[in-house]
Amino acid sequence: MRWHPILAIVLRQFYLMRGSPARLFPLVMWVAVDILLWGFITKFLATVAEPGFNFVSTLLGAVLLWDFFGRVMLGVTTAFFEDVWSRNFLNVFATPLRISEYVAGLVLTSILSSSLALAVMIALASAVFGLSIFAYGALLAPFLLVLFLSGIALGIFGAAVVLRLGPAAEWLIWPVPALLSPFVGVFYPLATLPAWMQIIAHALAPSYVFEGMRAIIAGEAFPATHLLWSTGLAAIYILLAAFFFARVYRHAVRTGLLARYSAETVS
Amino acid sequence: MRALDAKQFFLESPMVSPVLSVRALRKRFGDKLAVDGVSFEVCPNEIVGLLGPNGAGKTTIINMILGVLEPTAGAIRIEGRDVATQRAQALACTNFAAVYASLPGNLTVYQNLRFFALIYDVRDGAARIEALLDQFDLRAFRDVKCGLLSSGEQTRAALAKAMLNRPHLLLLDEPTASLDPSKAREIRALLRELARRHRVGVLWTSHNMIEVQEVCDRVLFLSRGAILLEGDPRTLPREHGKSSLEDLFVSVAREPLRIEAG
């Protein structure tokens, strides 16, 4: 893999953000609004609930981690959508750019944009609502890693779906984090879910992060095997998503979909 | 012509090294055969016109050369590198401009050129961009978003992009379609001069037969996915009893079988 083509994808995103500050809104403003909304909800709940339960660390921390996951995923898909929106596939793919370099560029873009979003969320949650991310201890790093890998995998999968089904399929991708959230137990233990939902939940790497986060806040032990299992799941997702994207790309080249990718839907 | 498979062709290639070798190229979309056994070469310092009516297969051939469409059969080599197996190396010395592939409108001319300079790994990217801005008369639009440019200015920006990596093979799909006659003449002269000076092989499609006669050293007439005629655009009409290249084009478009028989 060569660095310059990867940096090109990142630089393009930087140019777009600099040229259109509205693009910063999903990175900064919407996550800030989410933190404020949930911050006030936790404050209210703390006044009406029994003392001893830490709403800030449990609920607001969960919102922060879940938003981080969503930002990572959307970081990948948004960078990909730029090529969809500007009908730029022919220009981009009729170059020496390798598909691995293109995906690496999308991932690097997402790392930078989601880091910015995370920094904003942590700063706001700490300053306004007194959330201490250090409450999660040393497990914060692997938690973020699992969410990051899962978000990247979902982003690559979403990009592949849009490449396969056409630009209109982007509307299928935006709500994906919301569709997953009931299963991963962002705000409640997995035991709350019916059995069939728990089966799905155990196949989703982020579920273990939120279970682990609640265990730590409650002063309980979080089994290392769960952490390893979730990291392994997330790594498998990445491999599957990359494989799926590569297959869809090859299909697009074979059928001519890539060359005529501008219609609302393609088949 | 004796049919050779792609492997035989590359083994039996003559001493001259074409910048582009296309052999026995076929593309089938379902029941439709869009490109039917097309073979041709483009040599350095040669401008080859790829002509034909709409739907003849010109853009399909260009897309296959650019690696964005996989041939059903056949082989494409750019400077000896097989596009199917050495895509990145083959496309590193290739570039293109097409009327249907304008640069993203939400980036400025400079930003677009910077983006593609990195994609093509152009070493002296900044200096190269500045030179191209002057060469294609884009200096005044350096920091203007491409979406705000006139279609002629967008075409010049796309051509500047096409020259970024000093290509050895340049694919131009109706490059002057949206230029006014004066600017089109300038651009034709510039591209011809660049091709000569840097020994670039150019594959040029156009529906403007006067332009083709002026620019191309050789033309290939496509009809229904196959090459029907090939020759010098200045002598080819007479050889087929036509008064002009445009008359020949119309005949190919309307009665390809008669031309073939004649």
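# Helix packing, core and chain contact

In chain A, the axes of α2(A) and α3(A) come within 9 Å and cross at roughly 160 degrees. Axes here are lines fitted to C-alpha atoms, for helices over the stretch in contact, with angles running from 0 to 180 degrees between N-to-C directions. Helices are DSSP runs of H or I with at least four residues, strands are E runs of at least two, and both are numbered from the N terminus. This is a predicted model, where local features need pLDDT of at least 70 and side-chain atom pairs count only at pLDDT 80 or more, while totals for chains, interfaces and linings use all residues. Residues are numbered from 1 along each chain as its sequence is written, with chains lettered from A and ligands numbered from 1 in the order in which they are written.

**α2 against α3 in chain A**

- The pair α2(A) and α3(A) is therefore roughly antiparallel (angles over 145 degrees; under 35 is roughly parallel, 65 to 115 roughly perpendicular, and the rest oblique).
- α2(A) passes α3(A) in a right-handed crossing, meaning the near helix is turned clockwise from the far one by less than a right angle, with anticlockwise being left-handed.
- On the α2(A) side, the contact includes Pro26(A), Val31(A), Trp38(A) and Leu45(A); among its partners on α3(A) are Phe55(A), Leu59(A), Asp67(A) and Arg71(A). Contact is scored by C-beta atoms, placed from the backbone, within 7 Å.
- By class, this contact of α2(A) with α3(A) splits into 13 nonpolar, two polar and three charged residues. Ala, Val, Leu, Ile, Met, Phe, Trp, Tyr, Cys and Pro count as nonpolar, Asp, Glu, Lys and Arg as charged, and the others, Gly among them, as polar.

**α3 against α6 in chain A**

- Helix α3 (residues 55–85) of chain A also meets helix α6 (residues 140–165) of chain A, with axes that come within 8 Å and cross at roughly 30 degrees.
- α3(A) and α6(A) are therefore roughly parallel, and α3(A) passes α6(A) in a right-handed crossing.
- The contact of α3(A) with α6(A) has 17 nonpolar, six polar and no charged residues.

**Nonpolar core**

- The largest nonpolar core has 161 residues, and Leu65(A) and Ile156(A) have the most contacts inside it. Such a core is a set of buried Ala, Val, Leu, Ile, Met, Phe, Trp, Tyr and Cys residues joined through C-beta atoms within 7 Å.
- The largest share of this core, 17 residues, comes from α3(A).
- Leaving out residues up to four places away in sequence, Leu65(A) touches Phe143(A), Leu147(A), Val209(A) and Met213(A).

**Val28 in chain A**

- Val28(A) sits in helix α2 (residues 25–48) of chain A, and counts as partly exposed because it has 17 C-beta neighbours inside 10 Å. The scale is buried at 20 or more other C-beta atoms within 10 Å, exposed at 12 or fewer, and partly exposed in between.
- The C-alpha atoms of Val28(A) and Ala117(A) are separated by 5.7 Å, though the two are 89 residues apart along the chain.

**Positive phi values**

- Arg87(A) isn't a glycine, yet its phi is positive, near 50 degrees; Arg87(A) lies in the loop between α3 and α4 (89–93) of chain A.
- Glu174(B), also not a glycine, has a positive phi of about 50 degrees, and is found in the loop between β7 (169–173) and α7 (181–198) of chain B.

**Chain A meets chain B**

- The contact takes 25 residues from chain A and 24 residues from chain B.
- On the side of chain B that touches chain A, the largest share, five residues, comes from α4(B).
- That side of chain B divides into 16 nonpolar, five polar and three charged residues.

Note on methods
Two residues are in contact if their C-beta atoms, placed from the backbone, lie within 7 Å.
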